[in-house]
Each structure stands twice: as C-alpha cells, then as structure tokens.
Amino acid sequence: MTAVLAINPRPPLELADVFRASGAAYEQTHPTTTQQRRVLRAIVNCRTAALGSHREPCANCGRERIAYNSCRNRHCPKCQQQKQLLWTAQREAELLPIEYFHVVFTLPHQFNAWGHRYPRMIYDLLFAAATQSLLDLGRRTLGGELGITAVLHTWGQTLQQHIHLHCLVTGGALSADGQRFQRTRAGFLGSVEALSEGYRQRSLTALQRWAKTTTDPSLPRALRALVASVATVGWVVYAKRPMCGPQQVIAYFGRYTQRVAIGNSRLLSLTAERVRFRWKDYRDKGQAKAMELSCEEFTRRFLQHVLPPGYVRIRHYGLLASRGRAQRLARCRVLLQASAPPVPDMERYAVGAIPLLCAACQEARHAGRLAPLQISFPLRQ
C-alpha cells in the first residue's frame, strides 16, 4: 500500500490569516464590491479543505502527499509563483540576442481617486499613453517597431495607491517592410525627457477627449479640473540601466508580472487588531523598515488594488504584439543572424507543478508531470 505523506507546513504568517481575522468584519462595516468579496474568500480558502484536495505522488519513490487545491486567483500571493515561472519560460523562448530595457511610467498622485472611481478608464489611459510614447520613440529614432511588454501595478511599498506601468522594451526595432532590424546604441534607449513629454501630452489629450465624449454631465468640469492640476506637474518616467544579458533581464522583470500588492514573506506579526509588515523606503536608500496598521486599514489598502473583473494587466505591443508575433520574431532572428533559443520544457510549468521536495527521498517532484490526480470533494463548512 502506498504511503501518504502530510501536507508541507505553512509559512508562519499568511495574508489569509489576516483576512480570516478581519475580512468578515470589514465586509459588514465597509462598502465592498462583488469582486473584492470574491478575492477575500479566495485568499482565505486557498489551499484549505474548503477547496478540496488531491494526491501528489513522487515520481522518484512513489510516495504520496495530500495537497489542498489552490484558488488560482490572481490576487492571491500563494498562487502567483507558478504563473511567474510559466511567464518567464514563455518569454525566454522569444528572446532576441539584443539588449532589453526596463522603463517605468508613473501617473501623478492626482489620479489616485479617479483610479478608484473609474479604474478601467484610468488604467487604459496609462497603457495607451505610455506604450504609444515608446512606439513613437522607436519609429522616430530607429525607423521601426519596438517590442513592448507592459505590466500594470497600482500599489507602493506601504500599500497606498501608486499607479504605474512596468515596460520591458527591446533594444532594437523592426522596420515596417521587415527588411531591417536597427539596434539601439549600447546602454541607451532614448531621451527620458522626450518620453516624459510625449507621455504627458498623450495623457492630457486623452483626458480632454474623455471630457468631450462623456455622457455624464458631472464629469467634464471635474476632468477639466484634473487636466489643470496635472498639466504642469512632473510626469515620472524612469529607465533602468540594462543588465548583463537578455536572460537576466527576463528573470528580473518576471518578478513584476505576477506580483500582488503584498506577499506573505513581508508579513511580520498579527494580533487581534494590528498587523505588522516589512517595507522598503526608497526615499531612504531602500532601507528595510516595519509598518504597523490596524487590520481594518490593512484590508482597506489591499482591497483598493483588486482589479476589475477580466481586466488584462499584462499586454504586448509592437513587434511583441500577440498577432503575428512568432513571424516577426523569426524575421528578426534572420536579420540578426541568430538561432532560436532552446524550447523550454513546458511540462515543468503546468498549473500546479510547483517544484516540491519529497519528504521521503528528498528529491524534487513535479506534480504537473504525473498521471491524473485523484480529486476529493470539498468539505462542507
């Protein structure tokens, strides 16, 4: 008879513990959306008996462990590691032998309240203004289409609203006729000042267009006031220096793709009313500090970063746009006289295939490689 091993121990403190302690009370005393309530319940139930369980046999020794099912919600910190590994593997299969740049676009803080009221409009504005500014830069300086992968983040280290876009940009552009691939200068994508100005102008134009086309009679005056308040402030664009190689850039940027507002590793302590967590103060040279909030305030800050249902927070543009991407990348490799990178073993990154260490034989196991799992029914609560 096959032996069954116990579930791997949980970390000392999880986001789910905070919401078990305060989530129900918060819902009763504060207005919440259907989506926010779904996120709270998913995080609380993730990898518990409420979602059922399955058996995971070790491919090396045959022993089994019982594992509870994951919620697979994109706001859950426990469910993002596998997605990050899969995303990184997919991007490595598309790498070109060129430099890649990491560029960050930030909306002025005057947009924070608007991000709460009209999240889709504000986030779409950010995507469009930032990526079009980059595409314009590529056409103007390199005579072709850059490749861009953009990832939306709405939080800062203390969970306050901080709407910004991380962009991974190819260090070269493909001409419209597909006959030339022009690299950027070593270590230099383009003028940050020009990017900032283009980003500002496109954002203001979009706001003015919104004011003219909206059917809500209360919006035009408010939008004109917003335009006036942000027209002269700094529109921050930050271009990080390229790293030593494409693989390193992809691995580094991959950490941004599936990140949630706060991970379990940053939680320090929890009492009946207070939660304490670690954060980095980038205004103080990135010093690690601790912050303590009431459970109510912590929950409020986290829930403001719940995305609208179905909203796509990772998007591809230019030569990396989904339609025709494989053909464009193949053409780039021909022009660069480069072979395609090795195809990664995607079986390793199947959903649920997080590498685990077998407690019996101490060998790594990959659940995604195994035979169909035996699923048990959730327990009634």
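1. Let's start with a term: a cavity here is a set of grid points where a 1.4 Å probe fits but cannot get out, and a lining residue has an atom within 4 Å of such a point. Keep in mind that this is a predicted model.

2. How many cavities of 30 Å³ or more does the count come to? There are 2 by this rule.

3. Next, the second largest cavity, with about 90 Å³ of space. Its lining is made up of R91, E94, L95, Y100, T149, L168, I250, H316 and L320. By class, that gives 5 nonpolar, 2 polar and 2 charged residues.

4. Now for a pocket, which is an open set of points, unlike a cavity. The second largest pocket has a volume of about 370 Å³. It is lined by 18 residues, and T33, Q36, H116, L303 and Q304 are the closest to its centre.

5. Which helices each supply at least two residues of the lining of this second largest pocket? They are helix 2 (34-45), helix 4 (112-117), helix 5 (119-141) and helix 9 (295-303). As for class, the lining of the second largest pocket divides into 9 nonpolar, 8 polar and 1 charged.

Conventions:
Residues are numbered from 1 along each chain as its sequence is written. This is a predicted model: local features need pLDDT of at least 70, side-chain atom pairs count only at pLDDT 80 or more; totals for chains, interfaces and linings use all residues. Side-chain values use heavy atoms; hydrogens and water are left out. On a 1 Å grid over the protein atoms alone, a cavity is a set of points where a 1.4 Å probe fits but cannot get out, and a pocket is an open set with protein on both sides within 12 Å along at least five of seven lines; lining residues have an atom within 4 Å of a point. Grid points are joined across faces, edges and corners, and a volume is the space filled by probe spheres set on the points. Ala, Val, Leu, Ile, Met, Phe, Trp, Tyr, Cys and Pro count as nonpolar, Asp, Glu, Lys and Arg as charged, and the others, Gly among them, as polar. Helices (H or I, at least four residues) and strands (E, at least two) are DSSP runs, numbered from the N terminus.
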